[in-house]
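Subject: Handing over the structure

Hello,

Here is the structure I promised to pass on to you. Please open it first, and then read my notes below alongside it.

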Amino acid sequence: MLFNSYIFVLFFLPAVILIYFGLNRIRQTKAAMLFLLLMSLWFYGYFNTSYLIIILGSIAVNYSSYLLMKRSKAGVKKAVAATAVLLNVGALFYFKYYDFFVENINSLFGSDFVLRNILLPLGISFFTFQQLSFVIDAYKNEIPDYNIIDYACFVTYFPQLVAGPIVTHDELVPQFADASKKQFNWENFTKGLYAFVLGLAKKVLIADMLGNVVNYGYSSIGSLDSVGAVIVMLSYTVQIYFDFSGYSDMAIGMGKMMNIELPINFNSPYRATTINDFWDRWHITLTRFFTRYIYIPMGGNRKGSARTYLNIMLVYLVSGIWHGANWTFIFWGICHGIFCVASRMSKGFINKLPKALNWLITFIFVNVMWVFFRAESMSDAFLLLERVFTGGFGGIDYALTDNIMSAEWSFLASQIAIVSKARFVILLGYIFVPLAGAVFCKTVSQRMNDMKPNVVNMLVTVLLLVLCILSFSGVSTFLYFNF
């Protein structure tokens with residue numbers, strides 16, 4: 001089920017909030033948690049019920065491993081933890097990377113192993129990483145007693161199930177057990193609704209609109225001139241930020257409506273002045289996972305510079321692989337690793353440069369790397385970058401501008417001639433106004449915390465919600481569903 005859909009906004013979310021708090025009000029707390037679990041499973045299996053078998057099997061394996069480790073001595077406990085980790089990684093490899101691995105084996109050795117064309121379960125990378133962190137913490141004796149319902153809700157909690165933020169057990173399960181959070185709170189609901197609608201607007205009114213331009217551009221790279229190629233690059237830079245951060249804002253907002261605090265996942269990453277600063281701001285919970293469970297266990301920065309640089313490169317390689325089964329993602333991860341190492345090695349020199357120049361260098365690098373992140377192949381990525389420098393400067397490509405013309409803009413263009421002639425200006429506005437907002441304005445989480453319930457905020461929330469609902473006919477999935 002998508003957040004940006006009629007059934008979710010008009011039925012699912014209101015029903016969950018109403019019944020969840022209703023059951024808690026009559027002190028049916030266990031029934032409320034069971035209801036939350038069942039609704040989260042419905043949310044996950046809405047498009048494909050076979051997904052439920054996968055996630056329920058994953059929950060059963062990991063919770064059983066946790067129970068076994070609680071009752072086992074050191075040697076057995078270590079074996080159980082290792083087995084659980086291998087099963088999690090193995091499941092992720094099978095569903096996400098099997099065909100990619102076999103395809104490359106066939107290409108390298110001329111073999112003809114059959115591809116399985118396995119359907120990728122939504123959000124498998126996210127709920128697998130959550131459970132990996134749980135298993136590892138259980139092995140370290142850092143898990144208190146959790147019952148199966150609380151654990152299953154921790155894994156399946158619908159606001160963050162399929163695209164994060166990646167929460168840890170200690171952030172979520174104690175909140176489920178907190179009696180003070182089981183009563184409806186108007187202030188939290190108001191602030192959460194405000195954040196949800198702002199996130200929804202980021203997704204529907206900005207990211208999806210630019211997604212049309214991006215999809216056209218990447219399917220017609222050879223026809224782009226230099227201006228068109230730059231526009232397509234910047235469009236994706238804005239699209240992926242407003243799509244993914246919008247999703248995280250909606251998750252945090254829905255959590256707030258239910259008195260649940262979810263971790264912040266974005267902190268104005270396009271404001272970063274170094275690549276390390278960027279990764280402290282972008283997908284914060286993923287960076288935290290890699291730092292806590294890969295970088296630090298490998299030695300972090302405690303074993304000399306050479307080992308530190310190797311650890312950084314391995315983390316970014318894993319990050320690239322985690323994002324997708326394609327050489328473009330691996331290349332993207334390696335390049336980020338190289339740039340992070342280079343920045344660390346030249347930190348003294350970088351600190352002497354003007355902040356504006358450091359910001360520009362970082363922003364250009366991130367933009368170029370997003371090309372590889374979005375392209376279907378390495379050749380497509382290099383072709384787009386080639387068009388940036390060799391495409392020439394022709395007239396305005398109306399095929400690009402036509403893709404930004406929503407039904408609303410098209411209606412205005414049919415009635416007002418100047419709107420039709422200003423399509424290129426409208427496209428640039430869709431790129432640079434949101435981009436300026438991403439760099440200079442407060443985050444949605446900050447706005448939510450500072451928000452005061454008043455008539456103005458109510459009107460803004462209602463207006464944006466209505467505009468978003470009217471735009472649901474152009475529904476698209478969230479980009480990070482694929483990762």
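Let me begin at Thr362, which is found in helix α15. Helices here are DSSP runs of H or I with at least four residues, numbered from the N terminus. Thr362 is buried, at 4% relative accessibility; buried means under 20% relative accessible area, exposed over 50%, and partly exposed in between, with a 1.4 Å probe and protein chains only. Not counting residues up to four places away in sequence, Thr362 touches Ala272, Thr273, Thr274 and Ile275, where contact means heavy atoms within 4.5 Å. Asn358 lies in helix α15 too and is buried, at 9% relative accessibility. With residues up to four places away again not counted, Asn358 touches Thr273, Ile350 and Leu353. An α-helix has 3.6 residues a turn, so residues three or four places apart point the same way.

Before going further, a word on what you are looking at. This is a predicted model, in which local features need pLDDT of at least 70 and side-chain atom pairs count only at pLDDT 80 or more, while totals for chains, interfaces and linings use all residues. Residues are numbered from 1 along each chain as its sequence is written, and side-chain values use heavy atoms, with hydrogens and water left out.

How confident is the prediction? The mean pLDDT of the chain is 90, and 94% of its residues reach 70 or more; pLDDT is the predictor's confidence in each residue, from 0 to 100. Confidence is highest in helix α15 (residues 355-374), at a mean of 96, and lowest in helix α18 (residues 407-415), at 57. Where pLDDT is low, the predicted coordinates should not be read in detail.

Helix α6 (residues 148-156) is mostly covered, with 7 of its 9 residues buried. Those residues are Asp150, Tyr151, Ala152, Cys153, Phe154, Val155 and Thr156. They pack against α2 (29-45), α3 (50-71), α5 (124-139) and α7 (169-177).

Next, the charged pairs. A salt bridge is a side-chain nitrogen of Lys or Arg within 4 Å of a carboxyl oxygen of Asp or Glu, and by this rule the count comes to 10. In one of them, Asp249 pairs with Lys202, with the closest N and O atoms 2.6 Å apart. Asp249 lies in helix α9 and Lys202 in helix α8 (residues 186-219), so this pair ties together parts that are 47 residues apart in sequence. Asp249 is buried, with a relative accessible area of 8%, and Lys202 is buried as well, at 12%.

Another salt bridge joins Arg281 and Asp277, whose closest N and O atoms are 3.0 Å apart. Both residues lie in helix α10 (residues 275-281), 4 residues apart, about one turn of the helix. Arg281 is buried, with a relative accessible area of 18%. There is also a network, in which salt bridges that share partners join Lys203, Asp208 and Asp243. Lys203 is buried, at 0% relative accessibility, and so is Asp208, at 10%.

Finally, have a look at helix α22 (residues 455-470), where Val462 lies. Val462 counts as partly exposed, at 47% relative accessibility. Ile469 lies in helix α22 too, and is in contact with Tyr6, Val9 and Leu10, leaving aside its neighbours within four places in sequence. The C-alpha atoms of Ile469 and Ala201 are separated by 9.7 Å, although the two are 268 residues apart along the chain.

Best wishes

Methods: Helix = DSSP H or I, 4+ residues; strand = E, 2+ residues; numbered from the N terminus.
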